[in-house]
Amino acid sequence: MLESVLWQMAAPVAACARDGPLSLVNPPARELFPEATEGSPSTRWSQGLTLLREGDGTPLSPEELPLIQALNEGPTEVRGLAARDPSGALGALT
């Protein structure tokens, strides 16, 4: 049931298994992260995309990626991120 709800959300959602591979990537997340597919390593989903701090525009290190933080540390809160795709387009993540 939860998977169905996450799949239908308008917001991008990616979830990973405890051992790291992505276990769910809903359609909006696939649009944002085309490299992200179920079973792929959790560090691969952000290839080709730069996640930035919304305030100062500095890139996040791989260890600062929310999905990696959640995997390593448990629940995390995501605020003030922006993403730049390979074409250079910039968008806010909420």
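How many of the 94 residues of the protein chain, as a percentage, count as buried? The figure is 26%, where buried means under 20% relative accessible area, exposed over 50% and partly exposed in between, with a 1.4 Å probe and protein chains only.

Before the details, some ground rules. This is a predicted model, in which local features need pLDDT of at least 70 and side-chain atom pairs count only at pLDDT 80 or more, while totals for chains, interfaces and linings use all residues. Residues are numbered from 1 along each chain as its sequence is written, and side-chain values use heavy atoms, with hydrogens and water left out.

The chain has 3 helices and 5 strands, in the order α-β-β-α-β-α-β-β. These are DSSP runs numbered from the N terminus: helices are H or I with at least four residues, strands E with at least two.

Now to Glu38. It sits in the loop between helix 2 (27-32) and strand 3 (50-53). Glu38 counts as partly exposed because its relative accessibility is 36%.

Contact here means heavy atoms within 4.5 Å. Beyond its neighbours within four places in sequence, Glu38 touches Trp7, Leu22, Ser23, Leu24, Val25 and Arg30. Two of these partners come up again. The side chains of Glu38 and Arg30 are joined by a polar contact of 2.4 Å, and a polar side-chain atom of Glu38 lies 3.1 Å from the backbone nitrogen of Val25. A polar contact is a pair of N or O atoms within 3.5 Å; within protein, one must be able to donate a hydrogen and the other to accept it, and residues adjacent in sequence count only if both atoms are side-chain atoms.
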